[in-house]
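Open the coordinates and keep the sequence at hand.

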Amino acid sequence: MKRLLSLSVLSVLLAACTTTQEIPPDEQPGGITPPPAEGPLTVPSVSALPDTPARALAGRYQRVNYSELPGWDSDDLSRLWPLVIRNCKGLMRPTSGNLAAPARATPRAWQPVCAAAADPARAPAPGDAAAVRRFIQTWLQPWRVNGADGKPATNTVTGYYEPLVRGSRVAGGKHQWPLYTVPSDLLTIDLGSVYPDLAGKRVRGKLDGRRVVPYDTRAALEASDRKPPVLAWIDDPVDNFFLQVQGSGRVLLTDGPDAGKTIRVAYADHNGQPYVSIGRWLIDRGELRADQASMQNIRAWAQRNPGRTQEMLNANPAVVFFREEAVVDPEQGPKGAYAIPLAAGRSIAVDPTFVPLGTPVFLATTYPASERPLQRLVFAQDTGTAIKGAARADYYWGFGDEAGQQAGRMKQRGQMWLLWPKQAGEPSAR
């Protein structure tokens with residue numbers, strides 16, 4: 001592949017494909033050994049944790065006291081401890097040094113904290129909120145995320161969730177909208193392996209003879225006679241589309257083989273095309289007003305205009321490809337970019353150039369469409385192509401319709417503080 005690429009081809013790819021910071025194929029949650037879900041936390045010695053070169057972070061951090069965290073004492077930590085242990089299991093995995101992967105919290109910095117968490121003599125009783133708070137305050141130092149001007153960074157906090165849609169293993173009747181798995185001809189090209197100046201950049205494409213070209217858009221896929229394999233056929237085009245926007249979800253199979261079974265479809269890859277809002281497409285054409293561009297109104301428009309539904313969907317060239325997973329524990333969310341299950345109300349997606357994955361974060365924002373404070377300790381366990389900048393966050397609400405209603409209404413302002421091992425100095429990444 002390196003021999004086939006030329007600078008002219010790369011320029012076409014860079015213009016037509018989005019560069020992303022998801023975990024590359026060899027580090028996808030399905031492609032590496034995730035931390036064990038069961039069993040005690042095992043912490044290796046510092047010397048047994050191989051180190052990789054430090055990754056530069058774009059953030060500016062200021063050491064503060066816990067008294068400066070708004071609502072810190074009000075956050076109920078009585079159910080937090082199992083999540084601390086699960087996050088430590090992720091923190092104690094060695095890093096790969098792959099610059100195309102999102103930055104991760106430095107394992108060696110966290111080794112003393114996770115060793116204390118694994119030690120019954122030093123760990124708090126799991127349900128004792130006060131003891132959990134004392135442990136955190138003893139071992140972790142809060143660092144405020146500042147902007148380039150040195151002032152506290154304030155940014156948008158949106159919400160996401162795991163939807164439930166209805167589908168079938170076979171196409172037919174109302175089940176007409178495919179969820180594709182990764183096509184066999186999709187190429188993911190690590191540009192840094194070809195040109196060091198492009199370290200950390202990747203593009204997606206396919207071979208056309210001896211040329212690498214951008215991968216098919218949504219419209220091109222639908223018009224092609226060589227479509228990717230299908231995991232399930234969904235009964236509603238808007239449900240299908242927004243499941244792709246969320247990046248994962250559950251499918252209740254209502255017909256055909258496995259009828260009555262619920263499966264999870266998790267993000268596996270995408271076609272490298274830029275995301276375009278279908279709500280904006282409808283607004284620009286006078287089909288909806290800006291204040292009407294909700295999921296419900298988009299679905300209603302599709303029902304009124306079945307002959308134009310595919311035209312609307314094709315306005316967004318991006319397509320997400322999925323892999324199937326069993327729903328082992330209905331209470332756990334899908335695996336995020338950190339390869340551990342997300343926790344409702346305690347996981348966020350972040351820009352890892354400011355907040356390395358695995359970092360506990362104190363988030364101060366408000367509930368959707370209100371001024372009621374939402375101030376709690378969360379974990380940076382996911383990423384998103386639209387989640388960019390200091391203090392930008394996407395808050396995981398959980399599974400189902402109620403979570404979806406909260407997520408769909410959330411567009412608040414917020415600030416964040418990184419909680420980092422006291423002995424390790426400023427936040428760092430690998």
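Which strands form an open sheet of three, and in what order? The order is β6-β7-β8, with antiparallel pairing. This is a predicted model: local features need pLDDT of at least 70, side-chain atom pairs count only at pLDDT 80 or more, and totals for chains, interfaces and linings use all residues. Residues are numbered from 1 along each chain as its sequence is written, and side-chain values use heavy atoms, with hydrogens and water left out.

Some terms come first. Strands (E, at least two residues) and helices (H or I, at least four) are DSSP runs, numbered from the N terminus. Two strands pair if DSSP finds at least two bridges between them. Such pairing runs through backbone hydrogen bonds, either parallel or antiparallel.

β6 (187–190) and β8 (211–214) are its edge strands, and each pairs on one side only. From one strand to the next, the twist averages 55 degrees. Axes here are lines fitted to C-alpha atoms, for helices over the stretch in contact, and angles run from 0 to 180 degrees between N-to-C directions. β7 (residues 202–208) is joined to β8 by four bridges, and the two run antiparallel. L207 stands opposite V212 in β8.

Now turn to the sheet of six strands. Its order is β5-β9-β4-β10-β11-β12; the sheet is open and the pairing is mixed. β5 (177–180) and β12 (320–325) stand at the edges with a single partner strand each, so one side of each has no neighbour in the sheet. Neighbouring strands are turned by 45 degrees against each other on average, direction ignored. Helix α6 (residues 237–246) packs on this sheet. The helix touches β4 (164–168), β5, β9, β10 (248–255), β11 (262–270) and β12. Contact means heavy atoms within 4.5 Å. The direction of α6 makes about 20 degrees with that of β5.

Follow the pairs across. β5 and β9 (residues 230–234) run antiparallel, joined by four bridges. There P178 has W233 in β9 as its bridge partner. β4 and β10 pair in the parallel sense over five bridges. V165 is bridged to V251 in β10. β10 and β11 pair in the antiparallel sense, over five bridges. S248 stands opposite A266 in β11. The hairpin of β10 and β11 has six residues between the strands, and G256 takes a positive phi near 70 degrees there.

Step back to the domains. The protein is divided into domain 1 (46–159 + 335–399 + 406–421) and domain 2 (164–334). These bounds come from an automatic or database domain assignment. Taken over C-alpha atoms, the two centres are 29 Å apart. At the interface, 11 residues of domain 1 are in contact with 10 residues of domain 2.

Next comes the empty space. Rolling a probe the size of a water molecule over the atoms shows where such space is left. The search uses a 1 Å grid over the protein atoms alone. A cavity is a set of points where a 1.4 Å probe fits but cannot get out; a pocket is an open set with protein on both sides within 12 Å along at least five of seven lines. Lining residues have an atom within 4 Å of a point. Grid points are joined across faces, edges and corners, and a volume is the space filled by probe spheres set on the points.

How many cavities of 30 Å³ or more does the whole structure hold? The search finds three. The largest cavity has about 110 Å³ of space. Its lining counts 14 residues, and V84, W110, L140, P360 and F379 lie nearest the centre. α2 (81–91), α3 (107–118), α4 (129–139) and β15 (373–382) each supply at least two lining residues. The largest share, four residues, comes from α2. By class, the lining has 13 nonpolar, one polar and no charged residues. Ala, Val, Leu, Ile, Met, Phe, Trp, Tyr, Cys and Pro count as nonpolar, Asp, Glu, Lys and Arg as charged, and the others, Gly among them, as polar.

Finish at the second largest pocket, with a volume of about 510 Å³. Of its 17 lining residues, R79, P82, L83, R86 and A343 are the closest to the centre. This lining has eight nonpolar, two polar and seven charged residues. Domain 1 and domain 2 each give at least three residues to the lining of this pocket.
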